[in-house]
Amino acid sequence: MAAITSRLVKCNPSLSYLARRCLSTISHAPAPLREDRNIQWVFLGCPGVGKGTYASRLCNLLGVPHIATGDLVRHELNSNGPLSSELSEIVNQGKLVSDEIIISLLSKRLAAGDAKGESGFILDGFPRTIKQAEILEGVTDIDLVVNLKLPEEVLLEKCLGRRICNQCGGNFNVASINIKGENGRPGMSMAPLLPPAHCMSKLITRSDDTEAVIKERLRIYNEMSQPVEEFYRSRGKLMEFDLPGGIPESWPKLLQALNLDDYEEKQSAAA
């Protein structure tokens, strides 16, 4: 293991902490759940599919940290740090942030979590490239990769409907989606995720949530995601999950697919 760590750190110095942290928590127990909650899962899916929503809900249920690389990028953008201007240009053009920057930000986040005694994780938005997937595989054994899917027309509407409260930082969505079924494809309805009344007047739209930028982001993601999906499919770790609708329809079905429906009931009873 030390030899693997040494090679990875030599290739990418920013990975030094990531390598040490992940190597210390390697487990070969099967997914989807271990009693020690030291799970190591990845959530894949196009921008706007709901990775953050479902990953954060699962993290709350299982008691593990939710690590979203998109949040790490946005935090760095707002920090006025050395990377903020470079990241601003990349994000506003709908381009992918480089592997080096993402790995550096992820390494910093894991270091902070380690200091707080965190164990396990659900990664949201990483890996996005084959290079990132290979780096991650070299330092830890991911248990399960969940690939969330929605039709592209729904993704576009969802992204255009995203809003953030500029006071509390809460994420909401004002889109009301109602797609009719046709040609054997089922219809789909999603109610808006509206904020509480005190946040309504404080909603803002992300600067990169324009139709042109979203379409470019989806194009780039689809182009790069197929090799990553195949990477995990070939290892028997990929679980495809077509979201049937909004949270009320999709959440119980996702728990069932992950064999966690009984787990949620036990947690509710214990509370």
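A disulfide is a pair of cysteine sulfur atoms within 2.5 Å. A search of the whole structure finds zero disulfides. This is a predicted model, in which local features need pLDDT of at least 70 and side-chain atom pairs count only at pLDDT 80 or more, while totals for chains, interfaces and linings use all residues. Residues are numbered from 1 along each chain as its sequence is written, and side-chain values use heavy atoms, with hydrogens and water left out.

**Cysteines**
- The closest cysteine sulfur to that of C165 belongs to C168 and is 3.6 Å away, too far for a bond.
- C165 is buried (under 20% relative accessible area, with a 1.4 Å probe and protein chains only), at 1% relative accessibility.
- For C46, the closest cysteine sulfur is in C159, at 8.8 Å, which is too far for a bond.
- C46 is also buried, with a relative accessible area of 12%.

**Confidence**
- The mean pLDDT (the predictor's confidence in each residue, from 0 to 100) of the protein is 81, and 84% of its residues reach 70 or more.
- Over residues 1–11, pLDDT stays under 50.
- Where pLDDT is low, the predicted coordinates should not be read in detail.

**Sheet**
- Strands β1 (residues 40–44) and β4 (residues 144–149) run parallel and are joined by four bridges.
- L44 has N147 in β4 as its bridge partner.

Note on methods. Contact means heavy atoms within 4.5 Å. Two strands pair if DSSP finds at least two bridges between them. Helices (H or I, at least four residues) and strands (E, at least two) are DSSP runs, numbered from the N terminus. Buried means under 20% relative accessible area, exposed over 50%, partly exposed in between (1.4 Å probe, protein chains only).
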